[in-house]
Amino acid sequence: MNRITPTADGSNTLYNEEIGEHYHSKHGALQESLHVFIKAGLEHTAGCFPDRQIKVLEVGFGTGLNFLLSAAWCLERNLSLSYVSLEAYPLRGKELESTGYNAYIPDSLWQSTTLNYGKAMQQTSEIAAGIQLRILHTHLHRYDSPERFDLLYYDAFSVQHQPEMWTDEIIAHACQFLKPGGIFVTYAITGKLKRALQGIGFHIEKLPGAPGKREMLRATKLS
């Protein structure tokens, strides 16, 4: 179902044969995750919310790369991270380990994540000091929670392959879990997506995209 594939920056991704798409950009999995979700998302959000804990909701855990880089970034800065990720089709542990992402993070973080991957799908797990991970094996439209987050990583497959993940209704459903001032960030940008976010009270920013994409989108919840 999933085939390991190298990308242009030397990092690996997986190709999902059922969906017909890679989990990351073929122009560079590592570069895309760092550019879109860490620099434009996590780093920006940490400046907006001065608390020592950042609460992230992710749509699409996939290979775990966004979590691993987020955890490493927070550990370097002595920030706490509460990370909840929704994944309808979770990888097997061996698939996760095959990615080679241990090259980009501390060994202890990699070992703890791979060791606790299965546990995190059952309950909130402490991966490192101040770093908590919960992976919910569910579809986005079935998710509900009273919890509100600082940052939403929207990392679903593209609209060409998963159009149901980019409807106005599902975007509004996901964004209700952001607190006022919360940040929505994704690799994609379309007129339809911008209008959907503006229609539910978000301020839109067009930012330079990761390699291979001209632009990306970041949006802030106004109230």
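Q: Which residue in strand 11 is the bridge partner of His 203?
A: The model is predicted: local features need pLDDT of at least 70, side-chain atom pairs count only at pLDDT 80 or more, and totals for chains, interfaces and linings use all residues. Residues are numbered from 1 along each chain as its sequence is written, and side-chain values use heavy atoms, leaving out hydrogens and water. Strands are DSSP runs of E (at least two residues), helices are runs of H or I (at least four), and both are numbered from the N terminus. In strand 11, the bridge partner of His 203 is Thr 220.

Q: Over how many bridges do strand 10 and strand 11 pair?
A: Two strands pair if DSSP finds at least two bridges between them. Strand 11 covers residues 215-221, and its pairing with strand 10 is antiparallel. The number of bridges is 7.

Q: Which residue takes a positive phi in the hairpin of strand 10 and strand 11?
A: This hairpin has 6 residues between the strands. The phi in question is near 95°. It belongs to Gly 212.

Q: Is Glu 205 buried, partly exposed or exposed?
A: Glu 205 lies in strand 10 (residues 202-208). Buried means under 20% relative accessible area, exposed means over 50%, and partly exposed is in between (1.4 Å probe, protein chains only). Glu 205 has 21%, so its class is partly exposed.

Q: Which residues does Glu 205 touch, not counting residues up to four places away in sequence?
A: Contact means heavy atoms within 4.5 Å. Glu 58 is 19 Å away, C-alpha to C-alpha, and 147 residues apart in sequence. The residues touched by Glu 205 are Met 216, Leu 217, Arg 218 and Thr 220.

Q: Why is one side of strand 1 and of strand 3 left without a neighbour in the sheet?
A: The open sheet has 3 strands in the order 1-2-3, with antiparallel pairing. Strand 1 (2-6) and strand 3 (21-22) stand at the edges, so one side of each lacks a neighbour because each has a single partner strand.

Q: Which residues does Ile 171 touch, not counting residues up to four places away in sequence?
A: Ile 171 is among the residues with the most contacts inside the largest nonpolar core. Its partners are Tyr 154, Met 165, Trp 166, Phe 184, Leu 193, Leu 197 and Ile 200.

Q: What kind of aromatic pair do Tyr 83 and Tyr 153 form?
A: Rings of Phe, Tyr and Trp (its six-membered ring) pair if their centres lie within 6.5 Å; planes under 30 degrees apart count as stacked, over 60 as edge-to-face and the rest as tilted. The structure holds 11 such pairs. The rings of Tyr 83 and Tyr 153 have centres 6.0 Å apart and planes at 65°, so the pair is edge-to-face.

Q: How many residues apart are Tyr 83 and Tyr 153?
A: Tyr 83 is buried at 1% relative accessibility, and Tyr 153 is buried at 0%. The pair links distant parts of the chain, strand 5 (residues 80-86) and strand 8.

Q: How far apart are the ring centres of Tyr 154 and Trp 166?
A: Tyr 154 is buried at 0%, and Trp 166 is buried at 9%. Their planes stand at 70°, so the pair is edge-to-face. The distance between the centres is 5.0 Å.

Q: Over the ring of which residue does the charged end of Lys 179 sit?
A: A charge sits over a ring if NZ of Lys or CZ of Arg is within 6 Å of the ring centre and within 35 degrees of the ring normal. The charged end of Lys 55 sits over Phe 149, 6.0 Å from the ring centre. For Lys 179 the distance is 5.4 Å, and the ring is that of Phe 49.

Q: What is the relative accessible area of Gln 162?
A: Gln 162 lies in the loop between strand 8 (149-154) and helix 5 (168-175). Beyond four places in sequence, Gln 162 touches Ile 19, Ala 156 and Phe 157. Gln 162 counts as buried because its relative accessible area is 11%.

How values were computed
Core = buried A, V, L, I, M, F, W, Y, C linked by side-chain atoms within 4.5 Å.
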